[in-house]
Amino acid sequence: LNKKFLSRTINPGIGNAFCKNEIIKTNNICFSSFSYGADNDFVRSYLAYSCKDNTGAIIYNKSFFCYKYNDKSIMNSTFSEKRLDSIRSVIKTKELYTELNLSCPKEINIFLLNEIRGVYSQSFLSKSDFNNELILKYIPSDINIMSLITFNRFFWSLANFIFYISPSLYGLFLKFYKEIK
């Protein structure tokens, strides 16, 4: 479940997952003060402790709620430097794996790269004059480039692949997208 979440094959979140209270209380899992990424930080922490405690998780193939998209949400607002928090939250998760003496799944770097790409895209497409080099410094150097391409989410993984090999080429695609939009 953890690897599927980190590779974005499934997307458990605060509004669509049930968590064992015992795991939360025993491990003092709480929401961080990140402006962006606090919910994913919580889920990643929960899944890391589930791996450590070998408690596992269960997927129910049943809908328990409906999601209403809010275009005025903070996630859809103009770019802010606070958006870097989503990147920092993934780095915090990587540090948690080290602290728990767990081997960090390679998928965490793909999750991190995707967050970096998302922040870069939002910054690039906004009218912001933010220095994108501050975003690019977070790109991990130890990603197996072949692990970026998957057929499960081909276009998503292709975007990550292009971004990883050349952020400037990815920026050209964004510029083209912005012009035709």
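Trainee: What does the secondary structure of the protein chain come to?
Mentor: Eight helices and zero strands. From the N terminus on, the elements run α-α-α-α-α-α-α-α. Keep in mind that this is a predicted model.

Trainee: How much of the protein chain is buried?
Mentor: Buried residues make up 42% of its 181 residues. As for contacts with a separation of 6 or more, residues 24 or more positions apart account for 70% of them.

Trainee: Let's take a single residue. Why is Ser-121 called buried?
Mentor: Buried means under 20% relative accessible area. Ser-121 has 10% relative accessibility, so Ser-121 counts as buried. You'll find Ser-121 in helix 5, and it touches Tyr-170 and Leu-174, not counting residues up to four places away in sequence.

Trainee: Staying with helix 5, what makes helix 4 roughly antiparallel to helix 5?
Mentor: Helix 4 (residues 85–99) and helix 5 (residues 107–125) pack at an angle of about 165°, with their axes 9 Å apart. Angles over 145 degrees count as roughly antiparallel, so this pair gets that label. The crossing of the two is left-handed.

Trainee: Which residues make that contact?
Mentor: On the helix 4 side they are Ser-86, Ile-87, Val-90, Ile-91, Thr-93 and Lys-94. Helix 5 brings Ile-108, Asn-109, Phe-111, Leu-112, Glu-115, Ile-116 and Val-119. By type, the residues of this contact divide into eight nonpolar, three polar and two charged.

Trainee: Now for the loops. How do you know that Asp-142 is exposed?
Mentor: Exposed means over 50% relative accessible area. Asp-142 has 54%, so Asp-142 is exposed. Asp-142 lies in the loop between helix 6 (133–136) and helix 7 (154–165).

Trainee: What is Asp-142 in contact with?
Mentor: Leaving aside neighbours within four places in sequence, Asp-142 is in contact with Asn-109 and Tyr-164. Asp-142 and Asn-109 are 33 residues apart in sequence and 8.1 Å apart in space, C-alpha to C-alpha.

Trainee: What joins the side chains of Asp-142 and Asn-109?
Mentor: A polar contact of 3.2 Å. The cut-off for such a pair of N or O atoms is within 3.5 Å.

Trainee: What is there to say about phi of Asn-28?
Mentor: Phi of Asn-28 is near 50°, a positive value in a residue other than glycine. Most residues other than glycine have a negative phi. Asn-28 sits in the loop between helix 2 (21–26) and helix 3 (38–53). With a relative accessible area of 62%, over the 50% cut-off, Asn-28 is therefore exposed.

Trainee: And where is Asn-101 found?
Mentor: In the loop between helix 4 and helix 5. Phi of Asn-101 is near 60°, again a positive value in a residue other than glycine.

Trainee: Why does Asn-101 count as exposed?
Mentor: Because its relative accessibility is 72%, and exposed means over 50%.

Methods
Residues are numbered from 1 along each chain as its sequence is written. This is a predicted model: local features need pLDDT of at least 70, side-chain atom pairs count only at pLDDT 80 or more; totals for chains, interfaces and linings use all residues. Side-chain values use heavy atoms; hydrogens and water are left out. Helices (H or I, at least four residues) and strands (E, at least two) are DSSP runs, numbered from the N terminus. Buried means under 20% relative accessible area, exposed over 50%, partly exposed in between (1.4 Å probe, protein chains only). Contact means heavy atoms within 4.5 Å. A polar contact is a pair of N or O atoms within 3.5 Å; within protein, one must be able to donate a hydrogen and the other to accept it, and residues adjacent in sequence count only if both atoms are side-chain atoms. Axes are lines fitted to C-alpha atoms, for helices over the stretch in contact, and angles run from 0 to 180 degrees between N-to-C directions. Angles under 35 degrees count as roughly parallel, over 145 as roughly antiparallel, 65 to 115 as roughly perpendicular and the rest as oblique. A crossing is left-handed if the near helix is turned anticlockwise from the far one by less than a right angle, and right-handed if clockwise. Ala, Val, Leu, Ile, Met, Phe, Trp, Tyr, Cys and Pro count as nonpolar, Asp, Glu, Lys and Arg as charged, and the others, Gly among them, as polar.
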